[in-house]
Amino acid sequence: MSTHLGVCNLCEAICGLELTIEKGRVTSIRGNDTDPLSRGYICPKGVSLADVLDDQDRLRRPVRRVGGDWVEIGWDEAFDLVADGLAEAINRHGGDALGVYLGNPTVHSLGSLTHGLAMVRSLRTRNLFSATSVDQLPHQLVAHLMYGHQLLLPIPDLDRTSYFLVFGANPMASNGSLMTVPDFPNRLRSLKERDGRMVVFDPRRTETAKVASEHHFIRPGTDVYVLLAMLHVLFDEGLASAAEYVDGLDDVRAAVAAFDPERAERASGVPADEIRRIAREYAVADGAAAYSRMGVSTNEHGTVAQWAVQLLNLVTGNLDREGGTLFTSPAIDTVGRGLIGKGHHDAWRSRVRGLPETAGELPVAALREEIETPGEGQIRALLTMSGNPVLSTPDGAGLGRAMEGLDFMAAVDIYVNETTRHADVILPPTTALERDHYDLVFHTLAVRNTARFTPAVFDKDRSQRHDWEIYREVTLRLMKRLKRKPPLKKRLVTRARLMTSPTFQVAQLLRTDKAGVTISQLRKNPAGMDLGPLRAGLLPERLFTESKRVDAAPDLVLAALARLDRIEIEPRDGELVLIGRRHQRDNNSWMHNTERLTRGKPRHQLLMHPDDLANRGISDGNRVTVTSRVGSVQVEVQAAEDMMPGVVSLPHGYGHPVDGTGMSRAAKVPGVSINDLTDPERLDVSGNAALNGVPVEVTPA
């Protein structure tokens, strides 16, 4: 028996682990008490990490689809098949004939970041899509416009704040998102012990709302009106000011003048007096942090709403302030070193609908039409990287049908899932416990500055390949087959990057960064190194705008705000709108093959307020039909006082009982995909899908 320190990289919390191993198998997983960030915390997903390693359904060697069967093949044959299929599409139809989709796990893997992104850049297709545009694209666009870099995101100083204002986020279930905050329950407890407050706005009484100082129901998609009304109050009552390095405050004042609390009440259902009270409390708090996530980003006004959140922090003096929101100082400065680009917007547009790109990616809501619509630039071949867009993106069922018409499809994934079942070849990488890990992104988003390098707990089998080895081989073999090759200099740079391991690259980045942390030090301290609390006073030097000034009034946002001013805001009588939800035991769409996480009371039901059920003659537990513009599903309904009247909720990531997958446990998990109801035409100005606030009808099945 031996003990090893590890890391759970399944979600953004990056919790430290202590693993007990007996006879080559993990027999227990606990939180690591000595980890300076997670402090012993662990959620059920971390405990199940070894279940993925041992899963008999997990692919360990490449498979090829032959008719309706999957046939295991060797790696050389698999690499050649993928390179041939991708090259055929590019050589015959041009570079944009290849589409690429990056799933959420890409950013949780060191090798995918070092080598997967290098591969993607070498492909030079404009048909690049990712989970970003069904998640956090408004955050990144606003950061790019205001601060000059898409990942220069201010992080709530949760350990020192006195007032935590939360819109559309559920960190009790998520462990934080775009705010790496393991051990959120204890951090919240500490906040209350120092007489601090957490105020939550959400259309559902979530796990976070239940432990808040106060919770306010708010109609989906109307957060923007409440946020703008708070800004209105701050300006109207002389409570707004900003640092010298901020431009555009007069334009902001004029833009929010029409959005008073009474207007916000009509739109959102939140009383105007409550909006005024909370705005005043926030302004005078001794360190306050406003934070919002999925519920705000994934609606039709996500960009304006995220801009308003940034302004709440900025005009109250809480940006770059202890107890407010701060920028991180990670050991590897992913932002400052240019490892991820600053971003841009509208450099080109999608072929069919003319949707703008952001940071080189098109909205994934356009993927289906780009596959199905004939003409120059039509996607003929698709490569998916650790993603399941059939369950994760709007009108997923329609996207799945479109994939059947592709000339070729390859996937890098460990499962035959709802998306990869359409592939011709699947290349399975090793899993988390079999590879080295360093978090290049989430240390950049954490509530405390720490660094941790985690060597692989287990050696991979000789017949397995790491993800970075897969991306290296696919890239090098594809480049040889292309008739029109990238410039020689770019090929040489790409090859040099691909030929070194992720661990070597991390060591070099640490050696040349300013933090003074080396990989040798991290190897000697496997629990991680504490680099201290987030620091104030980094602005304006930390900004990436050319002027080194914050742009508080970007033209794109003001134009969207003007359109918002013309929208009818009052809800229609009897209208139902759909929102998603997550559970701590869920991890998007891909952990439902784990028995440990799926046993117990079902959690797939449509949640609906008892009054809405009664008005439709539906009883608790009945099977109902839920219908939107794009589709319908049948599912059991559950009466829930935790739902705001007029709002219904389905969980994200369900819908596994379909033919052709290879996930035996997941296939038995009841539930439907919420994205068979979400609408690819409902988009924010950024191109992010509006997955929340979808109009639906609910009728007896």
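The crossing of helix α9 and helix α10 is left-handed, a label used when the near helix is turned anticlockwise from the far one by less than a right angle. The axes of α9 (residues 223-236) and α10 (residues 249-256) come within 9 Å and cross at roughly 115 degrees. Leu228, Leu231, His232 and Phe235 of α9 meet Leu249, Val252, Arg253 and Val256 of α10, contact being heavy atoms within 4.5 Å. By class, this contact has six nonpolar, one polar and one charged residues; Leu, Val and Phe count as nonpolar and Arg as charged.

The model is predicted, with local features needing pLDDT of at least 70 and side-chain atom pairs counting only at pLDDT 80 or more, while totals for chains, interfaces and linings use all residues. Residues are numbered from 1 along each chain as its sequence is written, and side-chain values use heavy atoms, without hydrogens and water.

Helices (H or I, at least four residues) and strands (E, at least two) are DSSP runs, numbered from the N terminus. Seven strands form an open sheet of mixed pairing in the order β5-β4-β19-β18-β17-β6-β7; two strands pair if DSSP finds at least two bridges between them. Because β5 (69-72) and β7 (128-130) each have a single partner strand, one side of each is left without a neighbour in the sheet. Strands β18 (residues 408-412) and β19 (residues 425-427) pair in the parallel sense over three bridges, with Ala411 opposite Ile426 in β19.

Two helices lie across this sheet's strands. Axes are lines fitted to C-alpha atoms, for helices over the stretch in contact, and angles run from 0 to 180 degrees between N-to-C directions.

| Helix | Strands crossed | Angle |
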